[in-house]
Amino acid sequence: MASVLIPLAEGCEELEAVTMIDLLRRAGITVTTASLGHQTQLTASRQVGLVADTLLDTVLDDDFDMILLPGGQPGTDHLNNDHRVHALIKRLQQDNRYLAAICAAPMVLASAGVLEGKRATSYPGALDQSQWPTIEIGDDPVVIDGKILTSRGPGTAMDFALTIIELLSSRTTRDQVETSLVRP
């Protein structure tokens, strides 16, 4: 069974975080949410309280198939300013694992140096072409370039999660989860 680490920072985008956690768990994927702070409780960008499974420090050496970064502000800035998050991204890339980010969080992947020469998407303006000239920045809802997945924002969270399910599990599992959601 695939395993995914979702680091949660104060001010993350709750719609993205909860959608991804919920859908991946519906698919039977092992999801570990880890708070960057010193307690598992945190407040998301719209003042929604979230409770992480654990603290990031307790899972730093654990093995994951993917790291999945929710966006939102100031959550993305907190992720980007955390050396542990950058170290995890680089370790997973070296281990040929998946890296995924949505909304403003592709900026964290860019800052970690893993988007060089890659295609990516993000929330409008989060990745500025003049600042990141080696990244091919587009506006597709979901972009996959090798083992790196990016998505635009809260409105694409469900499609992003379903894409991840298909990638880490199967098309059949994705279809089962999507059918149970009664999507049009």
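Modeller: Let us begin with T150, which touches A101, P106, L109, A120, T121, P141, V142, V143 and F160, not counting residues up to four places away in sequence; contact here means heavy atoms within 4.5 Å. This is a predicted model, in which local features need pLDDT of at least 70 and side-chain atom pairs count only at pLDDT 80 or more, whereas totals for chains, interfaces and linings use all residues. Residues are numbered from 1 along each chain as its sequence is written, and side-chain values use heavy atoms, with hydrogens and water left out.

T150 belongs to strand β11 (residues 148–151). Helices (H or I, at least four residues) and strands (E, at least two) are DSSP runs, numbered from the N terminus. With a relative accessible area of 1%, T150 is buried; the term means under 20% relative accessible area, while exposed means over 50% and partly exposed lies in between (1.4 Å probe, protein chains only). A polar atom of the T150 side chain lies 2.9 Å from the backbone nitrogen of T121.

We turn next to the nonpolar interior. A nonpolar core is a set of buried Ala, Val, Leu, Ile, Met, Phe, Trp, Tyr and Cys residues joined through side-chain atoms within 4.5 Å. The largest has 32 residues, of which L24, I29, M66, L68 and I164 touch the most other members. Two or more residues each come from β1 (3–8), α1 (14–26), β6 (66–69), β7 (98–102) and α5 (157–168). Helix α5 gives the largest share, seven residues.

Helix α5 also holds L168, which is buried at 17% relative accessible area. Beyond its neighbours within four places in sequence, L168 is in contact with A2, V4, I29, M66 and Y98. The C-alpha atoms of L168 and A2 are 6.2 Å apart, although 166 residues separate the two along the chain. On the same terms of sequence distance, L68 is in contact with V4, L5, I6, P7, M20, L24, A100, F160 and I164.

The strands complete the picture. Strands β1 and β2 pair in the parallel sense over six bridges, where pairing requires at least two bridges found by DSSP. L8 has S35 in β2 as its bridge partner, and S35 also stands opposite L55 in β5. Strand β2 (residues 30–35) has five of its six residues buried.

Key: A polar contact is a pair of N or O atoms within 3.5 Å; within protein, one must be able to donate a hydrogen and the other to accept it, and residues adjacent in sequence count only if both atoms are side-chain atoms.
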